[in-house]
Amino acid sequence: MTTSDSPGAADVAARFLRSGAGRAAVRRALVANHLPPSLADDLAQDALRRVWVATTGRGAPVDNVEAFVMTVLHRSAVDIVRGRVRGPQVVDWREAVDPDVGEQGGPFDGPSLLDVEADVLGRQSLAAVRRAVHRALSVDPHAGAAALAYLAVAVDGAVPAPRCPQPAGGSTADEAAEWAALWYAGQSGCFPGDGADLPATVRKRRHRRARRMRDLLARAAMSAGLDRQRALHG
Amino acid sequence: MAEPLLGLRVLVAGCDPVARLATVRARPAGPAGSAGLDLGPGVELDVDVADPASLAGLIVELPPTGDPGDLPAALRRRLAALLGPERAAALGTLVADRPDDTVTLPRRLVAGDARRESVAGVAGGSARSVPHAAQSPATGVAPPLQRAALAQVAACAPGVPRLVRAVALLEAAAALHEMSPRLDLRATARHDARVGAELLVDLLADGMVVVPSGRVAGALAPIVRRAVRVLDRDGLLSSRLTALAGDLERGHVARSHGAAPPAAPVPGSQMLGATDPALGDHGFAAAGPGGPTHAPGDAAPVGPALGTGSRSYRYPDRHVRVVIRSLPGAVAEAAATAQRTGTDQVEVRVGGWAERWHGLWARAFDPDDGTLLAAGPLRRDGRDAVARLLVPPRAIGRVEVDITDRPEMPRPSAALAAVGRAIHLGGVAARAERLGDRRSAARRWRQCARAWLGAGDLTRADQALAYAAQVNGGDERAGGRITRPLVSDLIAGPS
């Protein structure tokens, strides 16, 4: 029995799904819901994603990963039969609500893993980080979208469009990348002149959302196997 | 004794002790898939979208540890209200005693009038004899549960116009509230009513509450009034809704007749959405004229583009591939295009979807390995919905984009996209049936059948063809299968 709240849970789930018992479980879930066998890979992939979401510390710990995989396989199959339409309790209706309400603390000052590694990230590592960010869209799609845009600017050297807001002269390249990242993630409330909020409110909101983006990137980098010690010392 | 909320039809139950789930159904969901409904902790309901009286699934979460048959008292009460006390008890026995078997639950048992009958189980094919009641009218899922499930799907499907979302949520709330004496769904009802009311109040502020006809206004007013009762503690929302209900009853709400017709589709295009009357039903013109765009790849050219006169394109080979088959629901029939509009920027535009962008995301993928490179939410841009994506320079010349309401999901395989498409087409056919538009319904059922054939599901393909024939055969309610339209159906219209 493997417990969750550790990186190993997702690995256990992946190994189980590749095993004979796991493949049989996938087939059972498809048969029970009268779905074509050609959906086996999609079902397994979605089950892995759900396991990852459940084991990143947001939900209650999972005592038995294999049993949990069986449960999520069934739920994934039902989700397909529902046309993947989610219920109103799950849909994020309130985009107008500031997701940072209730967060404490000031702006993020320290370097992220990616600041340190920006010069040395290999192609494979970068793809792994992007895949981890993709999974993280399950819990925070806006921060994840910003993280992808940040990678495009800070690591790949993408050039934001001229209409993208830019910080005042004297700002760092990193700050400019943050602004671009937030803008491409649709966070229009983070920039001066986009609404009726006070400049201080806008600045705090921008800092909070930048910190959420950096936190997500740091977790993605860790789950992709990058660590600060290796980054600092080679 | 009150009739069970899931009716008296023969039901089949199964239990997976490892997954800790028990399932009950009348028959599998048909070609339009199912509409799910959360009935509180541990219980979910699915009705067949094309035959909502038919129970496509009741999922019961068993206790995570210990005796799976030791169901909490609150859960047992709910199961008794749904299945009836005898069948709820039989389900409990199944779970406790025979976790791997599949049995047929009897209809209502009548004392002294039982006879034995062998029935086949479901997946395992095991046979089990059960007492069988005398014949009685086979009622199905209670109408309020049907309406709540269908309305929630209408509200939450990708690309649904805001007014349809708002009205559908209020309908769901009203139906759930109606269940309250027997199932405590007040919290769910209040959530749906609140979200629907807030959307509706936003639309009022934007002047976007436009109904197709006086008939629809008359049907909408009682829905709004019921929502006021559900929101009994929210003074501001309730007062706004009460005022709206009065306006609807007095005919003081704008009507949409006379709206500009949508643009004609490019010959050979797949943009069925170009003739979607739902665009005109919202009081604003549909996609304007423009040069045709091309989305190379899987599909024929998609639709006319929108007015692009104010934008300059300095990039050769500016067109970016939109993977049409990956687009969910109604998005697949929209005028979705992608163009390179910056050194490393791709603009994804959905023509005429200024009111339908909520919850939709554009994504850019590396076609070589499927890595997600960029994602951005759609936002209103004039009459369109637009997202701008910043893409790594090395990939800008070959990136592929899609649009989704589930950005965290991987790109669907061809098989999954085919199933999704088939279910969407079935849902559209079912809505056309409810609206009495037999011609649209038959056409959509035939499209649905083709899609299921492509997905490899001959059973559902045959079922869709049978529905097409049934609709063409003139039986307006198809022997009771087709329910009356939702108010949100009347606003959305057939397509």
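Start with B:Arg411, which lies over the face of B:Phe365, at 4.7 Å from the ring centre. This is a predicted model, so every distance I quote is computed from it. B:Arg460 is placed over the face of B:Trp452, at 5.2 Å from the ring centre.

Next, rings with rings. Over all chains, the structure holds three aromatic pairs. In one of them, A:Trp179 and A:Phe191 have ring centres 5.3 Å apart and planes at 50°, so the pair counts as tilted. A:Trp179 belongs to helix H8 of chain A, while A:Phe191 is in the loop between H8 and helix H9 of that chain, twelve residues apart. Both A:Trp179 and A:Phe191 are buried.

Helix H8 of chain A, residues 173-184, also lies across strands S11 and S15 of chain B, and runs at about 150° to S15(B).

That brings us to the sheet. In chain B, four strands make an open sheet in the order S10-S11-S15-S14, with antiparallel pairing. Which strands stand at the edges? They are S10 (335-340) and S14 (379-381) of chain B; each has a single partner strand, so one side of each is left without a neighbour in the sheet. From one strand to the next, the twist averages 35°. S10(B) is joined to S11(B), residues 345-351, by six bridges. B:Thr337, for instance, has B:Arg349 in S11(B) as its bridge partner.

Last, helix H4 of chain B, residues 162-178. Of its 17 residues, 15 are buried, so H4(B) is largely enclosed by the rest of the structure.

Technical notes. Residues are numbered from 1 along each chain as its sequence is written. Chains are lettered from A and ligands numbered from 1 in the order in which they are written. This is a predicted model: local features need pLDDT of at least 70, side-chain atom pairs count only at pLDDT 80 or more; totals for chains, interfaces and linings use all residues. Side-chain values use heavy atoms; hydrogens and water are left out. Two strands pair if DSSP finds at least two bridges between them. Helices (H or I, at least four residues) and strands (E, at least two) are DSSP runs, numbered from the N terminus. Axes are lines fitted to C-alpha atoms, for helices over the stretch in contact, and angles run from 0 to 180 degrees between N-to-C directions. Contact means heavy atoms within 4.5 Å. Buried means under 20% relative accessible area, exposed over 50%, partly exposed in between (1.4 Å probe, protein chains only). Rings of Phe, Tyr and Trp (its six-membered ring) pair if their centres lie within 6.5 Å; planes under 30 degrees apart count as stacked, over 60 as edge-to-face and the rest as tilted. A charge sits over a ring if NZ of Lys or CZ of Arg is within 6 Å of the ring centre and within 35 degrees of the ring normal.
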